[in-house]
Amino acid sequence: MPHDDGKLVKKFLLELSSTLDIEASMRSSGVSPAKARAIFKKLAAGIPVQEELFAPAPSGAFVIRVDGACRGNPGLSGAGAAIFDKKGNVVKELRKYLGVMTNNMAEYSALVMALSEAKAMGATEVEVFADSELMVKQMTGKYKVKSPDLKPLYEQAYSLLGGFSRHRIAHIYREENSLADKLANEAIDRRVK
């Protein structure tokens, strides 16, 4: 492991051991969520942390967390997304009031909003995390999109993903998606369009 990367791991783990706040520790040490998970998996398995975990992401690469909020189903809805740079720093927070729609439509709307913004920011590669298992499984081809309301949003999101040289979309648990959830709910509260 390169010396600087070893310092990064040490700083992250020391910060975490004193605060027990994973998100704050990641921010202060510059460790991305993906790197933090990789560190924990390696440590839990008793495997030394490998330097490839800390290879810098190519420029133009972003990590995106998206979420849709819905009060009632259908109900008042909002889309939220956070775009992170390769160091795990938030570079853009997005929120949009969607009006009345279903929860699944709000989830897809958040994805479309975030991918459109990432493209406008010059992203060439994206790694997307969402807590909607249905949307992730549909976007990865594990489930078919049967809903006529979701098909246009799915097709738009699929087309946007195809515009990146590399992309990945993965499911995360709701508690790992707190910032995007907060932004989606703020959109409803503030009626931010």
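Predicted model: local features only at pLDDT ≥ 70, side-chain atom pairs only at ≥ 80, totals over all residues.
E127 is buried, having a relative accessible area of 15%, where buried denotes under 20% relative accessible area, exposed over 50% and partly exposed the range in between (1.4 Å probe, protein chains only). Residues are numbered from 1 along each chain as its sequence is written, and side-chain values use heavy atoms, with hydrogens and water left out.

E127 forms a salt bridge with R168, with 2.7 Å between the closest N and O atoms; a salt bridge is taken as a side-chain nitrogen of Lys or Arg within 4 Å of a carboxyl oxygen of Asp or Glu. Because E127 belongs to strand β4 and R168 to strand β5 (residues 166-171), the pair ties together parts that are 41 residues apart in sequence. In contrast to the buried E127, R168 is partly exposed, at 38% relative accessibility.

The protein comprises seven helices and five strands, assigned as DSSP runs (helices, H or I, at least four residues; strands, E, at least two) and numbered from the N terminus. Read from the N terminus, the order of elements is α-α-α-β-β-β-α-β-α-α-β-α. Of the 193 residues, 44% count as buried. Contacts, defined by heavy atoms within 4.5 Å, were also classified by sequence separation: among those with a separation of 6 or more, 67% involve residues 24 or more positions apart.

Nine salt bridges were found in a search of the whole structure. One of them joins the side chains of E186 and R95 at an N to O distance of 2.8 Å. This pair links distant parts of the chain, with E186 in helix α7 and R95 in strand β3 (residues 90-101), 91 residues apart. E186 is buried at a relative accessible area of 14%, while R95 is partly exposed at 22%. E186 also meets R190 in a salt bridge, with an N to O distance of 3.6 Å. Both E186 and R190 lie in helix α7, four residues apart, or about one turn of the helix. Through shared partners, salt bridges join E93, R95, K182, E186 and R190 into one network. In general, side chains of opposite charge can pair when their charged atoms come close.

The C-alpha atoms of A79 and R95 are 5.6 Å apart in space, and the two residues are 16 apart in sequence. A79 is buried, with a relative accessible area of 1%. Apart from neighbours within four places in sequence, the contacts of A79 include D67, L94, R95, K96, A106, M113, L183 and A187. The loop between β1 (61-72) and β2 contains P74, which is joined to N73 by a cis peptide bond with omega of about 5 degrees. Most peptide bonds are trans.

Grid points are joined across faces, edges and corners, and a volume is the space filled by probe spheres set on the points. One cavity of 30 Å³ or more is present. The largest cavity has a volume of about 30 Å³, and its lining consists of S32, P33, A34, V63, F84, D85, G88, E127 and F129. At least two residues of this lining come from each of α3 (33-44) and β4 (125-130). By class, the lining has five nonpolar, two polar and two charged residues, with Ala, Val, Leu, Ile, Met, Phe, Trp, Tyr, Cys and Pro counted as nonpolar, Asp, Glu, Lys and Arg as charged, and the others, Gly among them, as polar.

The second largest pocket has a volume of about 450 Å³. Its lining comprises 19 residues, of which E23, M26, P33, R65 and E176 lie nearest the centre of the pocket. Two or more lining residues are given by each of α2 (22-29), α3 and α7 (178-190). This lining divides into 10 nonpolar, three polar and six charged residues.

Technical notes. 1 Å grid on protein atoms, 1.4 Å probe; cavity = no way out; pocket = protein on both sides within 12 Å on 5 of 7 lines; lining within 4 Å.
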